[in-house]
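Hi,

Here is the structure I promised to pass on. Have a look at it first, and then read on for what turned up.

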Amino acid sequence: MGLNLKNLGRIAVGAAVKTVAKAASKWPGLDREYHIEERLSGPWPEGPYLWFHGASLGECRMLQGLACALKEDLPNCPKILITSQKVEVVSFLQDSCAGIADVAIAPADIPSSLHSFVSSVQPLGLVLAENELWPGYLSTMSKLSTRRNVALVSGRYRRSFPLLDFSGMGYACMQTASDLGRFTYASKGFVPCTMGGDWKLLNWARDGGLVCVPENPAIDVVFISFHQEEAEAFVSMAKDAVDKGESVVLMPRRLSELNQFRKLLLEAGLPVVDYPTVGPGVVSLVSRFGLSREILLNSKSAVVGGSFDRRLGIHDFWEPLQMGVSTCVGPYAKGHDDVVSQLVAAHVLAQIHTPADYLRRRTPAVDKVRMFLMGEKRKVLNSYKLLMKFIEGLL
């Protein structure tokens with residue numbers, strides 16, 4: 001590592017961060033919750049690996065799907081390691097990725113932690129999800145090889161850290177034309193780019209891209225990935241649904257917030273049961289991850305969380321759409337503003353501007369959803385083929 005001003009700055013900041021983090025790790029409660037010591041020093045599995053990194057559960061589930069696809073489609077596919085900074089995401093992936101990929105907590109973005117990480121993992125390349133452009137990750141990977149060894153998939157781009165080192169990036173596929181334009185400008189056209197849509201649709205596209213309406217669904221509406229900050233909006237809509245005799249299911253974003261939702265529903269006088277029990281005029285609460293597909297196969301409509309508070313980011317609206325479920329979002333779409341605006345204008349998604357609009361929400365036509373998703377399918381599959389060529393060049 002050359003000792004230019006930028007690298008000296010990174011070393012100084014990294015040393016300060018490590019000192020503070022080491023002190024915090026001495027508090028047992030903090031270390032149990034955030035795994036600080038593990039982020040700083042590992043242990044990490046022994047490679048070589050193809051390294052995937054994402055932040056949210058949605059990003060990492062997309063990477064899990066990508067790992068499945070590469071295992072099937074890429075001859076001599078190397079071992080894959082998926083990392084995330086979020087402890088609850090790592091825990092979920094460790095159960096669901098068996099036989100597909102190994103899983104670990106992501107290293108802290110400081111030189112000493114990244115040195116330990118790459119010494120053990122020996123990454124052949126790095127595939128980043130959506131917008132996980134950590135400066136230390138990019139700088140470290142660029143120094144491991146003379147070849148460009150970093151790809152960004154399903155990219156969303158607004159801004160990034162100043163003086164970000166794009167020199168190791170050899171491929172980026174962005175979700176929309178706006179993302180593509182912003183990223184191309186930021187990287188000064190240095191990174192080969194394409195518009196590839198949202199890769200949460202990848203395995204659906206590879207499986208044929210059919211949109212089938214659920215038969216005889218017992219659930220009238222499922223509220224997906226709602227945060228505690230959206231509790232007031234949710235309780236208002238759930239009350240209208242119950243008063244109408246609808247069967248309601250809530251999948252909270254964080255299981256730790258489940259009891260708070262239960263308390264608020266009971267205080268509002270709404271009958272509450274635990275999933276898999278469902279019924280007319282009842283709110284059913286889901287208490288574990290990994291059930292979204294099962295629930296959507298039995299649902300008439302869905303309302304997507306993260307969209308009823310402007311501070312949050314909207315969650316995965318593609319999953320219910322690709323399963324033929326009439327899908328609604330709230331007034332905010334942080335992180336996916338361009339795509340959501342396009343989908344609402346095309347009558348693929350419905351938008352609920354206030355909770356009072358819940359009973360007046362419209363039902364998007366399945367034919368319009370099918371037509372739009374066919375275009376997305378083509379973009380995703382074309383960009384996936386380009387990623388495979390990129391990875392083949394690393395092996």
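Let me start with the aromatics: there are 16 aromatic pairs in the structure. Keep in mind throughout that this is a predicted model.

Phe166 is in the loop between strand S5 (150–155) and strand S6 (169–174), while Phe183 belongs to helix H8 (residues 177–186), so the pair ties together parts that are 17 residues apart in sequence. Phe166 has a relative accessibility of 9% and therefore counts as buried. Phe183 is buried too, with its relative accessible area at 0%.

Another edge-to-face pair is Phe223 with Phe226, at 5.4 Å centre to centre and 80° between the planes. Both Phe223 and Phe226 are buried. There is also an aromatic cluster to colour in, made up of Trp44, Trp51, Phe117, Trp134, Tyr137 and Phe161.

Staying around S5, take a look at Leu152, which is found in that strand. What does Leu152 touch, once residues up to four places away in sequence are left out? The list is Leu128, Ala129, Glu130, Asn131, Leu133, Met169, Tyr171, Ala172, Cys173, Met174 and Phe183. So Phe183, the helix H8 partner in the pair with Phe166, turns up here as a contact of Leu152 as well. Leu133, also on the list, is 19 residues from Leu152 along the chain, and the two C-alpha atoms are separated by 8.5 Å. The relative accessible area of Leu152 is 0%, so this residue is buried.

Ser56 is another residue I checked. Ser56 sits in the loop between strand S1 (49–53) and helix H4 (57–73). Is Ser56 buried or exposed? Its relative accessible area is 18%, and since the cut-off for buried is under 20%, Ser56 counts as buried. Leaving aside residues up to four places away in sequence, Ser56 touches Lys86, Val89 and Arg253.

Now for the backbone, where a few spots deserve a click.

- Gly47 to Pro48 is cis, with omega near 15°. Pro48 is placed in the loop between helix H3 (36–41) and S1.
- Tyr275 to Pro276 is cis as well, with omega about 25°. Pro276 is in the loop between strand S10 (272–274) and strand S11 (283–285).

- Leu163 has phi near 60°. Leu163 is in the loop between S5 and S6, the loop that also holds Phe166. With a relative accessible area of 68%, Leu163 is exposed.
- Ser225 has phi of about 55°. Ser225 is placed in strand S8 (residues 219–226). At 14% relative accessibility, Ser225 is buried.

If you want dimensions for a figure, the C-alpha trace spans about 65 × 50 × 35 Å along its principal axes.

Of the 395 residues, 53% are buried. Looking at contacts with a separation of 6 or more, 66% of them are between residues 24 or more positions apart.

After that, the two cis bonds, at Pro48 and at Pro276, would be my next stops.

Cheers

Key: Residues numbered from 1 in each chain as written. Predicted model: local features only at pLDDT ≥ 70, side-chain atom pairs only at ≥ 80, totals over all residues. Heavy atoms only, no water. Buried < 20%, exposed > 50% of the residue type's maximum accessible area, 1.4 Å probe, protein only. Contact = heavy atoms within 4.5 Å. Phe/Tyr/Trp six-rings, centres within 6.5 Å; stacked < 30°, edge-to-face > 60°. Helix = DSSP H or I, 4+ residues; strand = E, 2+ residues; numbered from the N terminus.
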